[in-house]
Amino acid sequence: MRARHKETDQHGWMICQAYVTGERYNIHGINSYLSKMAKYQATFIPEDEPNVLRVCIKDKNGENSGEVFFFRWLGSLVLWNVCGAEEQYFKKIAQLFQDGGLDTALTDTEDEQLLFSYSKNSTTLHSGRIVLNENSTEDIMALEKYAFSNALALSVKLAIWESVLDQYVESIRWVPEDLRKGRKVRMSRKEVLEKTGELISLRYKINLSSDLLMTPDFYWDRENLENLYDKTCVYLDIHKRTRVVNEKLNHCSEMVELLRTHLSEKHSFRLEWGIIALIAVEVVFETLYLIERYFPFR
């Protein structure tokens, strides 16, 4: 049974929108919460590895009026034809079951949006717009929407990481100029260690805990879905943006390493002078001892 859809303009285009609210979601909690309401029908994708929760919104006739995908490890949600108060409701649900909140200044400004519609042609992404085959079965259409949603969720999470990296770069912008002018470094060893930790954490999230560097295993035996996912990633410049982010991370790593080296040399310099001072004190005491021994005061 094909769903009825609210149109966003006279051509029947509807909105698919992606947001990030946190580091990750407790999707089992979301599933339990929404399953209590008859209006919502929740299923996991894939069923054997529940990392994504698909929620269908039922209208008065029992047909799908919209869909929401919650991506567990990205902390992202993608809404299909869900607008207004209901959109805000799902964002609040996401925040309620999120682990590790993010700066609202970031989450309120970063989002991804594509238009979509239905036709009798094969499902594809054309000129930045999603066209879904209206004759597809519900299961196939759900997987196709999942593929598009996956790319959108990844893109909006990457946008958050890009903003976090920009803030990091801004926080150490003064370093090259101060070093060039021979000014005293205004950071302690503890602060440099914290900056190093921030950088390592961000690099880990981008390169090791996400699918930015490779196609997820889910698509390896689903060529059609992989093509939809890859085409959307290309349109959203995900791979190019990831390369730029990693280049920035490399430059930041070099700068932080320079700070660590500078502070280590400064610390070593202080230790050397401390050792020299101790040796000088020992020489003075030894000299006084020899004077007292061979030239005793009378």
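Modeller: Glu 170 and Arg 173 form a salt bridge, their closest N and O atoms being 2.9 Å apart; the term stands for a side-chain nitrogen of Lys or Arg within 4 Å of a carboxyl oxygen of Asp or Glu. Glu 170 is partly exposed, at a relative accessible area of 46%, and Arg 173 is exposed, at 51%. Here buried means under 20% relative accessible area, exposed over 50%, and partly exposed in between, with a 1.4 Å probe and protein chains only. The model is predicted, so local features need pLDDT of at least 70 and side-chain atom pairs count only at pLDDT 80 or more, while totals for chains, interfaces and linings use all residues. Residues are numbered from 1 along each chain as its sequence is written, and side-chain values use heavy atoms, with hydrogens and water left out.

Asp 221 forms a salt bridge with Arg 222, with 3.4 Å between the closest N and O atoms. Asp 221 is exposed at 63% relative accessibility, whereas Arg 222 is partly exposed at 31%.

Glu 162 pairs with Arg 241 in a salt bridge, where the closest N and O atoms are 3.1 Å apart. This pair links distant parts of the chain, 79 residues apart: Glu 162 is in helix α4 (residues 138-171) and Arg 241 in helix α8 (residues 238-294). Helices are DSSP runs of H or I, at least four residues, numbered from the N terminus. Arg 241 is buried, with 16% relative accessibility.

Arg 54, Glu 67 and Lys 145 are joined in a network of salt bridges. By this rule, the count is ten salt bridges.

Notes:
Helix = DSSP H or I, 4+ residues; strand = E, 2+ residues; numbered from the N terminus.
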